[in-house]
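Here is a friendly briefing to read alongside the coordinates. Keep the viewer open and follow the topics in order.

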Amino acid sequence: MRISWELKGQVLLESGRAAEALAPLRKATAMAPNAAPMKVLYGHALVSTDTPANTAEAIGVLANATQRDHDSAEGFEFLSMAYHRKGKTPKAQLAAAQGLFVSGKYVEARTQASARPGAV
């Protein structure tokens, strides 16, 4: 029986089992290294574990995914979370603004982008 690593990882992630989702999502990402949506899902799982090592890895994965897919609002949202957890507030605010802009929330994006670091 053929297993879909992406599906298994997604089910685990959506079931609140982010740490268990990492292995299948890592395999799925390795099988499709240029698939930005896969990287976003993997980055989401990494951020959801809320550990420093996984947060650092999430930044790399999500930065790559958002460079490949500039229209990934979710990618920017999770990237913003990861930067925030690392204390990189200006980068977190920029990623949040980019995600809002992609979502068509232009006023919120402008507000986020023009906020002083740590003010929002």
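R85 is partly exposed, because its relative accessibility is 40%, where partly exposed is the range between buried (under 20% relative accessible area) and exposed (over 50%), with a 1.4 Å probe and protein chains only. This is a predicted model, in which local features need pLDDT of at least 70, side-chain atom pairs count only at pLDDT 80 or more, and totals for chains, interfaces and linings use all residues. Residues are numbered from 1 along each chain as its sequence is written, and side-chain values use heavy atoms, with hydrogens and water left out.

**Salt bridges**

- R85 forms a salt bridge with D50, with 3.4 Å between the closest N and O atoms; the term stands for a side-chain nitrogen of Lys or Arg within 4 Å of a carboxyl oxygen of Asp or Glu.
- This pair links distant parts of the chain, as R85 sits in helix α5 (residues 73-85) and D50 in the loop between α3 (36-49) and α4 (52-68), 35 residues apart.
- Helices here are DSSP runs (H or I, at least four residues), numbered from the N terminus, while strands are runs of E with at least two residues.
- The C-alpha atoms of D50 and R85 are separated by 8.4 Å.
- The two side chains also make a polar contact at 3.4 Å, meaning a pair of N or O atoms within 3.5 Å; within protein, one must be able to donate a hydrogen and the other to accept it, and residues adjacent in sequence count only if both atoms are side-chain atoms.
- D50 has a backbone feature to look at as well: its phi is positive, about 55°, although D50 is not a glycine.
- How many salt bridges does the rule give? The count comes to two.
- E20 and R17 also form a salt bridge, and their closest N and O atoms are 2.7 Å apart.
- E20 counts as partly exposed because its relative accessibility is 44%, and R17 counts as partly exposed because its value is 39%.

**Helix α5 and its surroundings**

- Helix α5 has 13 residues and reaches 19 Å from its first C-alpha to its last, close to the 18 Å expected at 1.5 Å a residue; the expected span is 1.5 Å times one less than the number of residues.
- Which residues of α5 are buried? They are G75, F76, F78, L79, S80, A82 and Y83.
- As background, an α-helix has 3.6 residues a turn, so residues three or four places apart point the same way.
- The cover over the buried residues of α5 includes α3, α4 and α6 (89-102), with contact meaning heavy atoms within 4.5 Å.
- G99 lies in helix α6 and is buried, because its relative accessible area is 8%.
- Leaving aside residues up to four places away in sequence, G99 touches A73 and F76.
- The C-alpha atoms of G99 and A73 are separated by 4.3 Å, although the two are 26 residues apart along the chain.
- After α5 comes G87, whose phi is positive, near 80°.

**A buried lysine**

- K39 lies in helix α3.
- A polar atom of the K39 side chain lies 3.4 Å from the backbone oxygen of P33.
- Not counting residues up to four places away in sequence, K39 touches T29, P33, V61, L62, N64, A65 and R68.
- N64, one of these neighbours of K39, is in helix α4.
- N64 is partly exposed, because its relative accessible area is 25%.
- N64 and N34 are 30 residues apart in sequence and 9.4 Å apart in space, C-alpha to C-alpha.

- A115 is in the segment after α7 (106-114) and counts as buried, because its relative accessibility is 19%.
- A115 and P90 are 25 residues apart in sequence and 9.2 Å apart in space, C-alpha to C-alpha.
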